[in-house]
Amino acid sequence: MKIQAVKGTRDFYPEDMARRNFIVDGWKRASIRNGFLEFDGPIFEYLAMYQQKSGDEIASQLFAFEDRGERMLAIRPEITPTLARMVNQRINALPRPIKWFSVPRLCRAERPQKGRLREFFQWNVDIIGVDDCLADAEVIFCAVDYLIEAGLGSDDIVVRISSRRLLASLLEYFGIEESQLDKVYAVLDKKAKVPPEAFEKMLEEAITDADKRVKVMNLMAAETLVELEQFAGNDENAKKAVDELKRLFEYLNVMGISEFCTFDIGIVRGLAYYTGIVFEIYDKSQQLRAICGGGRYDNLLADFGGPKITATGMGMGDCVLGIVLEEKGIFSKAAVNGVIEYFVAYAEDALRNDALNIIAKIRRAGKIADFSYKGGGLGKQLKQASAAGAKQCVIIGQEYSQKKLILKDMIKGEQVEIVESEFLGQLKNAD
RNA sequence: GUGGGAGUAGCUCAGUUGGCAGAGCAUUAGAUUGUGGUUCUAAGGGUCGCGGGUUCAAAUCCCGUCUCUCACCCCA
């Protein structure tokens, strides 16, 4: 029986690996220039760690197994619990704010579909220990900074921003009980995803009181922060939440990315643990799930047995992003092959050892060099050099009896004769 | 867990009324014994997803099954 790749996994052939590296390298560059430090954890953890935050149902959506010591373990479906565990462990020794990032490989046992696989990479950026929404602004900036570097503009993507705290205070102000909030959130999260009639019907089921429901419907139609202030009335909590959003947008404006950002009260995020600012980044032209999502989760460390220290962060997976970059033709910029700087060709088999000797010297000088195993005619070797995308060829022929090489520029097609020692000297001085 | 779509060469796919298994790209070799990219020629590469049925004859029709994929549910 022929064995095939497991459902929802990917094989990375060299050209796929080039794309993956294009994404991952960009993530790391953006993180580092935004002042984040890289961390990583184990690829599996105790199953209980994931159940603690999200409940038992989550167990069916992750790859769990028992080891030989009868420990219940799971392959990590996210890295945030690991982050919480690691930070809690050294909370008194770590200088704050803690600005860390990671690019973990994650697995989730969900049914695969467009933009979602069972094994993927996810860029995570978190700031722990900053109450002010400046931290949220910086997380958003970091994500946008990356997307711009990757080649996307404000015509391509949009950051939709809202606030859990705002929703919570307004809903409470409208008279909806706190115990009902999660249920209502789940419905509000669907607003942009289902037809208006369906949305209305779902809302009817979640909020039986007609007065309250009308208020919520009106609220969900709000498009600007100014409108929200009217809803807030004299409610202190709601006013504070609006004020926070205003400050956030001001920060984003100062940082020069306001054209990417918009307020959208329909952004709720599925999970219960978000406590404040929430945001998602979408591709404007396509019907894809979010490229990126994040927000504030002030109970993170406390949920994992640590002190109550605030946190905010985001995650960006490689699947949806990969589709977007592919559609925009951005991957063509990614170098698929390692670019050969010098391809060494030899005119006669007798010169092969001389060629090998020079190749070794080029490589030890830090340059990328390759050659033909088969040898054969010079034409064949140059053909192979072209196929490999070589920038230059070093040709070793009769001239080598006077220690001279031919250096051929494969792009311009020009060639010059050069003394071997001079050529090798140039290698070391270059760059 | 529910529902649609698709499985033919490494890839993208064609395959007529049931009648010898095909093309392009890719790969390899040659045209070319000191000069590449273009071009030309040739070769290799198939359990037509798998199993059963109908038939003189099945990639093609029927039944079953597996896999992949898309949309739901969910989404950290």
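**Reading helices and cysteines in a predicted model**

Modeller: In this predicted model, the axes of helix H5 (residues 164–173) and helix H6 (residues 181–188) come within 11 Å and cross at roughly 115 degrees.

Biologist: What describes two packed helices?

Modeller: Two packed helices are described by the angle between their axes and the distance between the axes. Here, the crossing of H5 past H6 is right-handed.

Biologist: Which residues of H5 and H6 meet?

Modeller: From H5, Arg164, Leu167, Ala168, Leu171 and Glu172 take part, and they meet Leu181, Val184, Tyr185 and Leu188 of H6. By class, the residues of this contact comprise seven nonpolar, two charged and no polar.

Biologist: What span should helix H4 have, and how far apart are its end C-alpha atoms?

Modeller: At 1.5 Å a residue, the 17 residues of H4 (residues 134–150) should span 24 Å. The end C-alpha atoms of H4 are 24 Å apart, which agrees with that expectation.

Biologist: How many residues of H4 are buried?

Modeller: Buried means under 20% relative accessible area. In H4, 12 of the 17 residues are buried, so the helix is largely enclosed by the rest of the structure. Among them are Asp136, Ile140, Cys142, Tyr146 and Leu147. Gly151 follows H4 and has a positive phi, near 120 degrees.

Biologist: How many disulfides does the structure hold?

Modeller: The structure holds zero disulfides. A disulfide requires cysteine sulfur atoms within 2.5 Å. For Cys133, the closest cysteine sulfur is that of Cys261, at 12 Å, which is too far for a bond.

Biologist: Is Cys133 buried or exposed?

Modeller: Cys133 counts as buried because its relative accessibility is 0%. Cys393 is also buried, with a relative accessible area of 0%.

Methods: Residues numbered from 1 in each chain as written. Chains lettered and ligands numbered in written order. Predicted model: local features only at pLDDT ≥ 70, side-chain atom pairs only at ≥ 80, totals over all residues. Heavy atoms only, no water. Axes fitted to C-alpha atoms, helices over the stretch in contact; angles between N-to-C directions. Helix = DSSP H or I, 4+ residues; strand = E, 2+ residues; numbered from the N terminus. Left-handed = near helix turned anticlockwise from the far one by under 90°. Contact = heavy atoms within 4.5 Å. Nonpolar A, V, L, I, M, F, W, Y, C, P; charged D, E, K, R; others polar. Expected span 1.5 Å × (residues − 1). Buried < 20%, exposed > 50% of the residue type's maximum accessible area, 1.4 Å probe, protein only.
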